[in-house]
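Start with the structure itself.

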Amino acid sequence: MIRIGFILALLVMQSELAIAQELNFTVIINSDRARTQETAVFEDMKVNFEQFLNGRTWSTDQFQAFERIKGNMLVTISDMPQVGFYNATVQIQTVRPVYGTNYESMVLNFIDRNWSFEFLQSQPLEFNRFSFLNNISSLLAYYAYIALGFDYDSFSLRGGDAFFEIANNIVNNAQQSPRPGWQPNPNDRRNRYWLINDIYTSSVFAPVREAIYLYHRKGLDLLLSDPEEAYKNITEAIRLVSEVNTQQPNGIFTIAFIDAKGDEISKILKKAPLEIRTEAVGYLMKIDPNNARRYNDILKG
């Protein structure tokens, strides 16, 4: 009986641990350009990256299985200059549920175009948030905290501060690395340094974080119960982003917002009153003029 009781207790503990993790990411490795027949390494890469992201806890909060943040990480190998060395782009996408529906809204959609790393099969991926160990664990951890920050921001105003602070620390620790993406390169503003700078450090982009909260918690989550208030808050969120874009055109944080929300906005606002649609389209045209046709369609209802 003692042994059975112990086993049951152990199973309960394992179950609790299994649902403690915050992330539920699927990693996809596109190795078409790698020009190698040794494809097993990419299967191992996928397993290692997923285990790193999903198999550890990133906060002190407890998550139930259904609360875990869903995401995709698409790693496209662009070049393999020598065995074990890779150049790649990384696309990170996360979604969050909309209250009272089965719909999942994309919160983050970001492409990191410049990642170089070494990977050997079966190598352990170690991470220390206080120091730079390697370019794999630092990048994966960086985007884990970015994903958490965006998710928490969508539920409470500036709720992601603690996670963005750690992401910022990871960038600071990586300054010692010669690898691209971690430095304030003025010719490459679509990188890890500038993303967290705009999110966490720059006061100019603070309204975009407020917009994330307004759009999701006071907008999408209210669409069923109070559509008038929801449309008003969604439009205010778009206005805030437009205001920031006027002060700092083409900022990476602004681009990240519209990359994640542009298509969704164009669909949701088609059911809004004409006055709301007209106002929102005016802001969207200023933020994202390249997609004017998509936003003009909003006016048709």
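The largest pocket holds about 370 Å³ of space. This is a predicted model, in which local features need pLDDT of at least 70, side-chain atom pairs count only at pLDDT 80 or more, and totals for chains, interfaces and linings use all residues. Residues are numbered from 1 along each chain as its sequence is written, and side-chain values use heavy atoms, without hydrogens and water.

**Largest pocket**
- Its lining has 18 residues, with Tyr103, Leu220, Leu223, Glu264 and Ile268 nearest the centre.
- Strand S4 (104-118) and helix H8 (252-268) each give at least two lining residues.
- H8 provides the largest share, seven residues.
- The lining of the largest pocket divides into nine nonpolar, two polar and seven charged residues.

**Second largest pocket**
- About 320 Å³ of space lies here.
- The second largest pocket has 14 lining residues, and Glu67, Arg68, Pro97, Asp151 and Phe155 lie nearest its centre.
- Strand S2 (69-82), strand S3 (85-97) and helix H3 (135-155) each supply at least two residues of this lining.
- Seven nonpolar, one polar and six charged residues make up the lining of the second largest pocket.

**Helix H5**
- Seven of the 10 residues of H5 (residues 192-201) are buried (under 20% relative accessible area, 1.4 Å probe, protein chains only), so the helix is largely enclosed by the rest of the structure.
- The buried residues are Arg192, Trp194, Leu195, Ile196, Asn197, Asp198 and Ile199.
- Their cover includes S4, H3, helix H4 (161-173), helix H6 (206-216) and H8.
- At the start of H5, a side-chain oxygen of Asn191 comes to within 3.1 Å of the backbone nitrogen of Tyr193.

**Terms**
- A pocket is an open set of points on a 1 Å grid over the protein atoms alone where a 1.4 Å probe fits, with protein on both sides within 12 Å along at least five of seven lines; lining residues have an atom within 4 Å of a point.

Technical notes
Grid points are joined across faces, edges and corners, and a volume is the space filled by probe spheres set on the points. Helices (H or I, at least four residues) and strands (E, at least two) are DSSP runs, numbered from the N terminus. Ala, Val, Leu, Ile, Met, Phe, Trp, Tyr, Cys and Pro count as nonpolar, Asp, Glu, Lys and Arg as charged, and the others, Gly among them, as polar. Buried means under 20% relative accessible area, exposed over 50%, partly exposed in between (1.4 Å probe, protein chains only). Contact means heavy atoms within 4.5 Å. A polar contact is a pair of N or O atoms within 3.5 Å; within protein, one must be able to donate a hydrogen and the other to accept it, and residues adjacent in sequence count only if both atoms are side-chain atoms.
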